[in-house]
Amino acid sequence: MAPRSKQPAQRAKKQASSFGAPEQAQRPKDNEKRIQTGIQGLDELIEGGLPRGGVTLLSGHCGTGKATFATQFIYYGAKEKNEPGVYITLEEEPEEVMGDVKRFGWDMEKLVKDKKISIIKPEITKFDTLKKTIEDEIDKIGAKRLVINPFGLIAAYFANVYDARKALASLRRQMQKLDCTALVVADIKEGEQTFSFTGYEEFVVTGVIVLDLAFKKESNSYVRTLFVRKMEKSNHSLKLVPLEIKPDGLVVYPDAEVF
Ligand SMILES: Nc1ncnc2c1ncn2[C@@H]1O[C@H](COP(=O)(O)OP(=O)(O)OP(=O)(O)O)[C@@H](O)[C@H]1O
Ligand SMILES: [Mg+2]
């Protein structure tokens with residue numbers, strides 16, 4: 001594991017297990033309208049969780065933890081909250097998605113067998129066909145959570161930005177209708193100033209969470225960071241906070257400093 005600053009590690013001791021809500025999380029007024037992410041320390045930055053029925057973009061450069069975050073969101077919902085989840089993987093095989101997280105102690109296979117999680121890799125053809133597939137999977141297991149990883153492949157499939165943007169807007173309407181909360185992964189190329197493939201996805205979604213790596217000169221190494229760029233209906237934090245990948249998943253340190 002890369003060298004870490006001492007501060008987050010010390011704070012980690014103060015916190016409960018990686019799963020479960022932070023002990024002293026702020027209780028939002030509309031708590032019932034929030035979906036807890038399962039990322040320890042994150043929910044208190046966003047009034048208790050992701051707005052229910054919304055679509056949040058999870059943006060980041062390569063290796064910033066997007067897939068781990070997305071899987072933790074689905075795993076936590078199914079395991080701890082009785083909120084089944086559908087994981088749409090467009091690049092990796094479902095077996096790889098399940099295999100990658102075994103090291104965190106997450107037994108996805110069991111939850112798939114129990115019909116609490118569905119992991120599928122559909123062909124990208126017409127977006128309407130994909131939407132129908134998503135809806136069918138959500139219906140099958142009564143899903144409350146959805147992940148699409150990565151959305152960039154869908155955006156790239158469209159001939160123009162206009163159609164990609166329209167597709168995401170229609171996904172947002174679909175999620176609201178189905179009362180399902182979506183996390184959509186967006187890969188960002190190094191040097192890009194946007195949060196998504198076309199640079200417009202971020203305007204259409206309910207929220208944008210950015211994962212990144214920040215270079216620390218004193219330790220001559222990078223540290224993981226998280227930043228909530230946008231969260232509708234939320235008085236969210238704008239602080240750049242440290243993030244770590246611990247043996248049992250991602251942890252955010254809301255009170256610690258990156259620099
Ligand atoms: N068990 C682990 N313990 C600590 N760090 C890990 C562990 N597994 C993966 N990582 C770190 O997480 C990084 C990759 O995480 P992940 O696949 O979630 O990122 P990503 O943003 O989806 O990457 P990409 O965009 O390249 O697909 C690895 O490069 C590694 O640094
Ligand atoms: Mg990935």
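I started at the end of helix 2, where the next thing along is Asn82, with a positive phi near 55 degrees. Helices here are DSSP runs of H or I with at least four residues, strands are E runs of at least two, and both are numbered from the N terminus.

Housekeeping before going on. This is a predicted model, where local features need pLDDT of at least 70, side-chain atom pairs count only at pLDDT 80 or more, and totals for chains, interfaces and linings use all residues. Residues are numbered from 1 along each chain as its sequence is written, while chains are lettered from A and ligands numbered from 1 in the order in which they are written.

I stayed with Asn82, which sits in the loop between helix 2 and strand 4 (85-89). Buried or exposed? Asn82 counts as exposed, because it has 10 C-beta neighbours inside 10 Å. The cut-offs: 20 or more other C-beta atoms within 10 Å of a residue's own make it buried, 12 or fewer exposed, anything in between partly exposed, with C-beta atoms placed from the backbone.

Asp179 also has a positive phi near 55 degrees, and is not a glycine. I found Asp179 in the loop between helix 7 (161-178) and strand 7 (181-187). With 11 other C-beta atoms within 10 Å, Asp179 is exposed.

Then a cis peptide bond: Asn149 to Pro150, omega about -5 degrees. Pro150 lies in the loop between strand 6 and helix 6 (152-157). I noted these spots since most residues other than glycine have a negative phi, and most peptide bonds are trans.

I also checked Gly142, in the loop between helix 5 (127-141) and strand 6 (145-149). Gly142 is exposed, having 12 other C-beta atoms within 10 Å. Its C-alpha is 9.2 Å from that of Lys115, 27 residues away along the chain.

I looked up Val147 next. Beyond four places in sequence, its contacts are Ala70, Phe73, Ile74, Gly85, Tyr87, Ile88 and Leu183 (contact means C-beta atoms, placed from the backbone, within 7 Å).

Strand 10 (residues 241-246) and strand 11 (residues 249-252) pair antiparallel over four bridges; pairing takes at least two DSSP bridges. A hairpin of two residues joins strand 10 to strand 11, and Leu243 has Val252 in strand 11 as its bridge partner.

Overall I get eight helices and eleven strands for the protein chain. Of its 259 residues, 46% are buried.

Methods: Two residues are in contact if their C-beta atoms, placed from the backbone, lie within 7 Å.
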